[in-house]
Amino acid sequence: MSPQFVDFDANGMLDIVAATFDGSPHLARGSAEGYAQPEQILDRDGARIVMNEFWNRDVKPEKWDTANRCNPAGEWSGLHLTAAWAVDWDCDGDFDLLLGDHNKGNVMLRRNDGDAKTPKFAAKNEVVLADGKPLVVEGRVTTLRTIDWDRDGKRDLLIGSMGDAYQAGPGGGVFLWRNVGEDAAPKFDAPMTLIPASQRGHSEPTRPDAGLYMDAADADGDGDLDLVVGGYSSWQLPTVPLDEAQQKRVGEIQQEIDTAKKAIKAFQDRMTKALEGAEEASHSKLLDEFVKAESIKFSTLQDRLKKAQDELEPLVPSLQRRSFTWLYENISAASTGQ
């Protein structure tokens, strides 16, 4: 996720590089006619670049799968690749891939041993270190960027995090790892917090709480880098006192919602059962037939659920969640980026 426009194959045209939730980085090649359909970026042996968990399209039926073939030395498991950034990590003239993990926040490197026009990615990931230890992002990785934040001629590492996406746990943040090594041999120190992990509890949308996808630019032209951050904000509207009749009605509405949700779940179970054992080629036809036969019943259930939820909202306000884009202005000295 978080796509990157870059001339990945050195042909003079901008391509799009992005990892997706299927667990692999993808490339959409650019041309004068537009962009081709995304393709998985493969290693030098023609195998998918993954961490551990991925959606396996090479088996029938397709399924979530695991593999350890890409693991570096040591104990690594449960990692799910969802972020990628193409960067010439070792300054040898071709793009390597920086990879981010959705589950635990690990960051790894897939080195390109080929050249700019003919990449040959290694078969295994390499661990990226910070302060002498494996780099782990608080709140899991959303976005990876390499950028010279402090203008010292060396690329630093800027990373956004997911946080607790739907519940009340700590949210995401944005963190900076300064490169204290060389540009061609990065070495990172301990992280600096640019936007702290959200602690929630707001009564209005005040900041991005979860899924922080950021980029850096001098938005105000003052010579330092600011942050543009997309993310979900969560806030809780204040409750209102209810009289006895309203409290009774709340109980009735909640029962109506439960009944509608159970009916929708039963509909989904019937749909799954109707497709069991069918050949993949006939799935679409069977699904269309089922939906056509049941569409009126299903629409009625959805309408009933929405009507009940709309009536309940002013009586018992739910947790609000909406996406925004935020600008964080850097008000420190341009020379330090502190």
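Let me start with tryptophan 55, which is partly exposed, with a relative accessible area of 24%. This is a predicted model, and that holds for everything I say today. Tryptophan 64 is partly exposed as well, and its relative accessible area comes to 46%. For the label "buried", the value would have to be under 20%.

On to the aromatic pairs. How many does a search of the whole structure find? The search gives 10 aromatic pairs. One of them is made by phenylalanine 8 and phenylalanine 121, and it is stacked, with 6.2 Å centre to centre and 15° between the planes. Where do these two sit in the chain? Phenylalanine 8 is in the loop between strand 1 (4-6) and strand 2 (15-19). Phenylalanine 121 is in the loop between strand 11 (107-110) and strand 12 (126-127). The two are 113 residues apart, so the pair links distant parts of the chain. Are they buried or exposed? Both phenylalanine 8 and phenylalanine 121 are buried.

Now back to the tryptophans. The ring centres of tryptophan 55 and tryptophan 64 lie 5.6 Å apart, and their planes stand at 75°, so this pair is edge-to-face. The cut-off for that label is over 60 degrees.

The phenylalanines also belong to a cluster: ring pairs link Phe8, Phe95 and Phe121.

Which residue lies over the face of tyrosine 232? That is arginine 321, at 3.6 Å from the ring centre.

In general, strands of a sheet pair through backbone hydrogen bonds, either parallel or antiparallel. Here, strand 11 and strand 12 run antiparallel and are joined by 2 bridges. Leucine 109 stands opposite glutamate 126 in strand 12.

About 40 Å³ of space lies in the largest cavity. Which residues line the largest cavity? They are Val87, Trp89, Thr146, Arg155, Pro186 and Phe188. By class, that lining has 4 nonpolar, 1 polar and 1 charged residues.

Terms used
Residues numbered from 1 in each chain as written. Predicted model: local features only at pLDDT ≥ 70, side-chain atom pairs only at ≥ 80, totals over all residues. Heavy atoms only, no water. Phe/Tyr/Trp six-rings, centres within 6.5 Å; stacked < 30°, edge-to-face > 60°. Helix = DSSP H or I, 4+ residues; strand = E, 2+ residues; numbered from the N terminus. Buried < 20%, exposed > 50% of the residue type's maximum accessible area, 1.4 Å probe, protein only. Lys NZ or Arg CZ within 6 Å of the ring centre and 35° of its normal. 1 Å grid on protein atoms, 1.4 Å probe; cavity = no way out; pocket = protein on both sides within 12 Å on 5 of 7 lines; lining within 4 Å. Points joined across faces, edges and corners; volume = space filled by probe spheres on them. Nonpolar A, V, L, I, M, F, W, Y, C, P; charged D, E, K, R; others polar. Pairing = 2+ DSSP bridges.
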